[in-house]
Amino acid sequence: MSGKAAATSALRAAAHLRSSILPKEVSKAAAAYLSAAPSGGKHVLPDLPYDYNALEPVISSETMTLHHTKHHNTYVTNLNASLEKLDAAVSSGDVGGIIGLEGALRFNGGGHLNHALFWENLAPKGSTELKEGPLMDAIVGSFCTVEEMKKQMTASTVAVQGSGWGWLGYNTKTARIEVATRPNQDPLQPTTGLIPLLGIDVWEHAYYVDYRNVRPDYVNATWDVVNWDVVEARLVAAKGE
């Protein structure tokens, strides 16, 4: 057998190992994705906690309907399809197949997670307010003022290149709140360690109908529909209080 043929045979064999002897890191990652599936076995599109027109005029009913029923739903559908393929690859010990699904799982899993958080941290204008309490104290402790926090997060979020997200996250190591951005649908906590408190979606589908390509107007307007009660509850949970 030639060296090339031997190498090809070896690669083929390595890509079809039994699941019982999968490389540790590959097996660990696959198990994490599969164990995250809900009890019913499939992820589902969550209902919104408000009507599609509840965030007007900041975000129109048209945008919310398209964003939720089309874009978010597509992430859910593709995530479930990828998990089915992952289950089959793990069962057959197909290491190459498992590794090949990593991108789809990260993108669609992140898209589902990010949007689920996003819907919850929005609320009709005037229905919640940032008041004295743990969140206000943490913001002042980390940024000096609420306006400075908004200024930093707005600037970072507007500056995201292409598509992505702006986040306010809690750093458990420093016990401080930080501004962060992530590209595409990369989820915040798995990629930075920060616990998500508030997210702003800056994919164009989140704002193009209402703001065309003027992202700064959209991000600035979004502050009027933040659900501060949810953001504070996430902070309290993150701190274990």
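Let me start with the packing of helix H7, residues 146-158, against helix H10, residues 215-222, in this predicted model. Two packed helices are described by the angle between their axes and the distance between the axes. Here the angle is about 145° and the axes are 10 Å apart. The crossing of H7 and H10 is right-handed. On the H7 side, the contact involves Thr154, Thr157 and Val158. These meet Arg215, Pro216, Val219 and Asn220 of H10. By type, the residues of this contact are three nonpolar, three polar and one charged.

Next, the sheet. In what order do its three strands lie? The order is S2-S1-S3, the sheet is open, and the pairing is antiparallel. S2, at 176-183, and S3, at 195-201, are the edge strands; each has a single partner, so one side of each has no neighbour in the sheet. From one strand to the next, the twist averages 25°. Strands of a sheet pair through backbone hydrogen bonds, either parallel or antiparallel. For S1, residues 164-171, and S2, the antiparallel pairing covers eight bridges. In one of them, Tyr170 is partnered by Ile177 in S2. Helix H6, residues 134-143, lies across S1 and S2, and runs at about 80° to S2.

Now the backbone details. Which two residues are joined by a cis peptide bond? They are Glu56 and Pro57, with omega about 5°. Pro57 sits in the loop between helix H2, 24-35, and helix H3, 61-92.

Two residues other than glycine have positive phi. For Asn184, phi is about 55°. Asn184 belongs to the loop between S2 and helix H8, 188-192, and is partly exposed, at a relative accessible area of 38%. For Arg212, phi is near 55°. Arg212 is in the loop between helix H9, 208-211, and H10. Arg212 is also partly exposed, with a relative accessible area of 47%.

Last, the chain as a whole. The protein chain has 11 helices and three strands. Read from the N terminus, the elements go α-α-α-α-α-α-α-β-β-α-β-α-α-α. Of the 241 residues, 42% are buried. Taking contacts between residues at least 6 apart in sequence, 71% join residues at least 24 apart.

Methods: Residues numbered from 1 in each chain as written. Predicted model: local features only at pLDDT ≥ 70, side-chain atom pairs only at ≥ 80, totals over all residues. Heavy atoms only, no water. Axes fitted to C-alpha atoms, helices over the stretch in contact; angles between N-to-C directions. Helix = DSSP H or I, 4+ residues; strand = E, 2+ residues; numbered from the N terminus. Left-handed = near helix turned anticlockwise from the far one by under 90°. Contact = heavy atoms within 4.5 Å. Nonpolar A, V, L, I, M, F, W, Y, C, P; charged D, E, K, R; others polar. Pairing = 2+ DSSP bridges. Buried < 20%, exposed > 50% of the residue type's maximum accessible area, 1.4 Å probe, protein only.
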